[in-house]
Every structure is written in C-alpha cells, then in structure tokens.
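Dear colleague,

I am handing over the structure below for your study. Please keep it open while you read the notes that follow.

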Amino acid sequence: MTTVEAPASHLRENPFEIARDQLRRVAETFQIDANLVNVLQECKKSVGVSVPVGMDDGSVRVFQGYRVTHNIARGPSKGGIRYHPDVTLDEVKALAMWMTWKCALMGIPFGGAKGGVVCDPKRLSRGELERLTRRFTTEIINEIGPEKDIPAPDVGTTAAVMAWIFDTYSMNKGHSVLGVVTGKPLTIGGSLGREEATARGSLYCIRDVVAKGEFALEGARVVVQGFGNVGSYLAKFLAEDGALVIAVSDSGGGLHNSSGLDMKAVLAHKQETGALEGFRAAEAISNEELLLLECEILAPCALEQVITADNADRVRAKVICEGANGPVTPGADEILEDRGVLILPDILANAGGVVVSYFEWVQGLQEYFWKEEEVNQRLDDIITRAFDATWKLNEERGTGMRMAAYGLAVQRVAEATTTRGIYP
Ligand code: NAD
C-alpha cells in the first residue's frame, strides 16, 4: 500500500489565512460585531478521510480527502469537490468560506462548503477515478445530503464524477436522491445550462460593466488563463459577443495572437488533442507572460494566487474578471486598486455555477425541469441584481468592488446568524 505524496504546491500563501484576513477587514469596514466575527472566521465542520483505491496494476493507493462545511446559517451548505495534487485542508477551508459569501451575495438559500481529494485525475484511468469517487463518497456519506450539504464540480471533477456521487449515495439510501449533488449529466437530472453557467455568469458581469460605459465589448481585447470548464466557455462567449480573444492558456502553456484567436478553431483543437499546444495560428506564450498582456479584460480562470504583489504592478488590464476562486492575492489587490484596475471579484464573477446548481437542486426536488432560456434568464436576473448592489455600495462607500461584494455577503450571513441566535 502506498500513500500519495503531494508535490510542490501552486499556493504561495495560506489561502485560509487570506480568507480570514479578508473577513476581518470586511468586519472593520462594515462594523460587524467581534463576537460574530469569532463565529464566522471558523469552519463549522472539517472532515478528513483516507480513500484506499485498488489500482489497475493490482496495487492499492491511499488518497487523502476532505469535506468542509463553513457555515449553514442561511441554508444547507453547498460547494464543489476538487481533484488536484495541491489540495490541502486549508485550501478547502478557504474555498468553503468563499462559498458562504458567494451564496449570500447571490441571495440563494445556501451556506458554504467545499471538498477535495489530493490526486492527479489526469493520471488515473476511468476505472480508478470511479473507484476513488465512490469510496470518497462513501467516506463522507454522513456529511452530505439534499437538506444538508450538496457537492458540485470544481477543478478536476466533471459531470461523470457527479453521476458516480449521485449513484453511490442513492444506492446506499435505496432510492434515487436527485438533490444530493449538482452538475449531474442531463440524462440523470442535471439542469440545462449548468455546464456553461459559471462562464455565463462571468459574461453577464462583464456585460453589466460594459453597460456602465466602461468600454465597448465589440473589439475589446480579452485574455483568459485556464481553458477548462470556466475559461473555455468564457472565451467562447466573449468571442461570440464580438470581443477579440487575444490569448488563452491551460496548464501546458498559452496561445497568443494580437489580431484575435479563432475561438472555434482553438476549441476544436483542444477537443481533438486535449491541449492548446500545437495550435498553428498563434504564438506560444507562458502563463506568466500572458497575465501581463495589454488588454481590456483579463480573466484568470485556473487556480488561486496567480496575480500577486510580485506581478500586479505589471498587469495591463482595465478589468480583471475572477473566473477562478482567489486568483488575486490581497497584496496584489491593493496595488491594482491604486492603479485603478476594476476587479470583478470571484464571489460575484464566478457565482453563475452555484446559482444554476441551486436551480438544478430546486428542479431535482420538484422533479420538474425548466427550459434552457428560463435557466439563463433567471441566472442573468440574479447575477445582475448582485452586480448592481455591489456597484451601488462601491459608489456610495468607495470601497472597491471586492470589499463591497464581501461587505454585502458577510453582513447577510451575520444578520442570519444573529436572527437565528447562537445555539443553545
Ligand atoms: P477545470 O478543471 O475544468 O479547468 C481548469 C483549467 O485550468 C484547465 O484548463 C487547466 O489546464 C488549467 N490550469 C491548471 N493549472 C494551471 C496553471 N498553473 N496555469 C494555467 N492554467 C492552469 O476547472 P474549472 O471548473 O474550470 O475551474 C477553474 C476555476 O474556476 C477554479 O478556481 C474553480 O474553483 C473556479 N470555479 C469553477 C466553477 C465551476 O462551476 N466549474 C464555479 C466557480 C468557480
């Protein structure tokens, strides 16, 4: 039996410390009671499990898994499951806390959670991935449930992984439980529009900024880091809206063409080869260089902490749209704000996924499914309402968009906690 060791991490700073520090600064700005901050800066429950998996070669490997609930004051907890070699408990805790704020900012009745397994899904066969997922689900089966905690996809997990979670949970309960997980395939109770929802939410935020007269989307230069679920759809949607996508990247590196990439061709190439590398009508560019390209919209849609105090003064974007969670560190935030870069913060810009997950959960509970236009229209309503509230608070208080979004969210959770009271 071997235990999997984590390789060098992409995380330079402890993300949970960043998340707690953000909370303290929000509390100071919006005068939130210190007793409430004491409650909100902790995660309600953190579960660590070991996940033994029989590998195709006959060996058994043991993976480390986590499920963390940050807060349930506003409803059952909700959050994705990440499969990545760099997953740590503190990363999962930070992501869980950000989910609490995100759901509150959107006004949907959920608290925040997150899960993760330390593994590299690209190096696992389909059979190994399925066995890992079913065993991990079984290990956390008492933590999840449609009224309790509802997982969803995140980095490295797909609709197929959600299908195995749904099936494993349902087999154990003796009947199908549609509401236990979201991001399911359409054939087993997924929602139309869920796959594209996170990127669509980012698109709606960008359109809202454009509507404020910041710049025109037609011909705007766009740079997207990360070409998975969020990044690839966002690049596609922005190109369809007339923007000029000049650079995209995945973990293997990036593509750059200052006259604009042919997004249809790039998507076809990625689908065919599994990578961006090798696409002819572009120059290669590193992930570090890509972040520094002059553009109207820079959308980091991969992992945390890619824009830091080390490179923030060289970022030449007008707007940063945080498709990823936590891509800009607090040190970078200050520099960017001083330089007048408009940040669409993660809890606003990538909330489309959890909003349509909420729709999927509602549809599953009612066993009544909506048309795609209905899903997209309701998503736009919710995102635009949150955008407008954030914009207004920023205008009134001059706090910056991130502080305004976090301020609205934390105040709502604090209010719910006060209204419910501290048990017993
Ligand atoms: P994904 O696994 O589908 O895609 C991740 C992409 O990032 C891949 O293209 C990968 O190659 C690339 N990548 C990985 N490491 C990289 C690196 N060092 N440099 C550049 N690219 C790198 O994941 P996803 O679901 O698209 O999630 C991306 C981000 O969006 C994460 O921060 C996630 O938490 C956030 N997010 C996702 C959702 C969702 O619904 N999927 C919702 C909200 C937020």
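The count comes to one cavity of 30 Å³ or more; a cavity is a set of points, on a 1 Å grid over the protein atoms alone, where a 1.4 Å probe fits but cannot get out. The model is predicted: local features need pLDDT of at least 70, side-chain atom pairs count only at pLDDT 80 or more, and totals for chains, interfaces and linings use all residues. Residues are numbered from 1 along each chain as its sequence is written, and side-chain values use heavy atoms, with hydrogens and water left out.

About 40 Å³ of space lies in the largest cavity, a volume being the space filled by probe spheres set on the points, which are joined across faces, edges and corners. Its lining residues (those with an atom within 4 Å of a point) include Trp 98, Asp 346 and Arg 402. Domain 1 (2–188) and domain 2 (197–349) both contribute to this lining, so the cavity lies between them; the domain bounds come from an automatic or database assignment.

Strands here are DSSP runs of E, at least two residues long, numbered from the N terminus. Strand 5 pairs with strand 3 (residues 60–71) in the antiparallel sense over six bridges, and with strand 4 (residues 77–84) in the parallel sense over six bridges; pairing requires at least two DSSP bridges between two strands. Gly 112 is the bridge partner of Asn 71, and Gly 111 that of Ser 77.

Yours sincerely

Definitions and conventions
On a 1 Å grid over the protein atoms alone, a cavity is a set of points where a 1.4 Å probe fits but cannot get out, and a pocket is an open set with protein on both sides within 12 Å along at least five of seven lines; lining residues have an atom within 4 Å of a point. Helices (H or I, at least four residues) and strands (E, at least two) are DSSP runs, numbered from the N terminus.
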